[in-house]
Amino acid sequence: MITETCLIGHGIPSVSNDELIERWPVSVPLAIILDGKIELLNMKEFVSFRGRELPRYDYFKVENVPSGVSAYLTASGAMKAAELLGVPWVVSGGIGGIRPERRKDAVCPDVYALGHSPVKLMATAFKDMMDYEATFAALRSQGSNYRFLEHSAPGYIFKFELQASVMNDFAGDCEGGLYLRGIPENKRIEDLELLTRGVAYGIKAQSAGQPFPPAVNGFFDRETNGYSSRIQFDAILSNAEYLLRNHSSL
């Protein structure tokens, strides 16, 4: 297995390099683009790249990387890297989906990869600002199988009230390319007004030319005194450890 690097690279600023090195399994490499090539690094090697203003490469960008380019890999970018390297699994935290305001003709790279890649993805959940019904409908329409490894409430780091229409989607649980686990509800943030402010902050940052996900993650990190970073790291670490224990039976 390999791990996407956007979250650890610039999404959890309050988790120290020392903690990452101490807790992360040595046998789970992190995938990054360095000088135009896919490289797999252990955590001790990777932490020197944290916080750099590197671009985010998704599924559509990894196969033909220009020489000299360095980049973090999103979940879908890591899936393409895993394809090229012959690796069967990718580990991620929260992943992208269909946002309510997204144009109908727009393509979400994470959803697209799940319909076009043989690689399996172990993820925590779709990000909080995603439309769960639309996202699962998109997965089903392209024939992408998904499986819930435990009860998984909608959302990622925020706690939402369950809706019957969303729970109906959970009945689609089957063997497949996407394996979902969730941050325990009792650890999630309950202040949904904070989510609204964070999304607004991210949209404003995006209009100023900054990437949306790290801007929003940085906002949540500051507003929660680092708590949002810690629960996200615990989540992606838990996914890696779960897969190490159970990959042969999935």
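**Exercise 1. Is arginine 23 buried or exposed, or in between, and which residue does its side chain meet in a salt bridge?**

Step 1. Arginine 23 has a relative accessible area of 32%, so it counts as partly exposed. The cut-offs are these: buried means under 20% relative accessible area, exposed means over 50%, and partly exposed is in between, with a 1.4 Å probe and protein chains only.

Step 2. This is a predicted model, in which local features need pLDDT of at least 70 and side-chain atom pairs count only at pLDDT 80 or more, while totals for chains, interfaces and linings use all residues. Residues are numbered from 1 along each chain as its sequence is written, and side-chain values use heavy atoms, with hydrogens and water left out.

Step 3. The side chain of arginine 23 meets that of aspartate 234 in a salt bridge, at 3.1 Å from N to O. A salt bridge here is a side-chain nitrogen of Lys or Arg within 4 Å of a carboxyl oxygen of Asp or Glu.

Step 4. Arginine 23 sits in helix α2 (residues 17–23) and aspartate 234 in helix α10, so the pair ties together parts that are 211 residues apart in sequence. Helices are DSSP runs of H or I with at least four residues, strands are runs of E with at least two, and both are numbered from the N terminus.

Step 5. Aspartate 234 is partly exposed too, at 31% relative accessibility. A network of salt bridges links Glu19, Arg23 and Asp234.

**Exercise 2. Which residues does glycine 198 contact, leaving aside its neighbours within four places in sequence?**

Step 1. Find glycine 198 in helix α8 (residues 192–207). At 0% relative accessibility, glycine 198 is buried.

Step 2. Contact means heavy atoms within 4.5 Å. Beyond those sequence neighbours, glycine 198 touches Val216, Phe219 and Phe220.

**Exercise 3. How many residues does the largest nonpolar core have, and which have the most contacts inside it?**

Step 1. A nonpolar core is a set of buried Ala, Val, Leu, Ile, Met, Phe, Trp, Tyr and Cys residues joined through side-chain atoms within 4.5 Å. The largest one has 82 residues, and Trp24, Leu121, Phe126 and Leu178 have the most contacts inside it.

Step 2. Helix α10 (residues 227–246) gives the largest share of this core, eight residues.

Step 3. Take leucine 178 as a case: apart from neighbours within four places in sequence, its contacts include Leu121, Phe126, Ile95 and Leu139.
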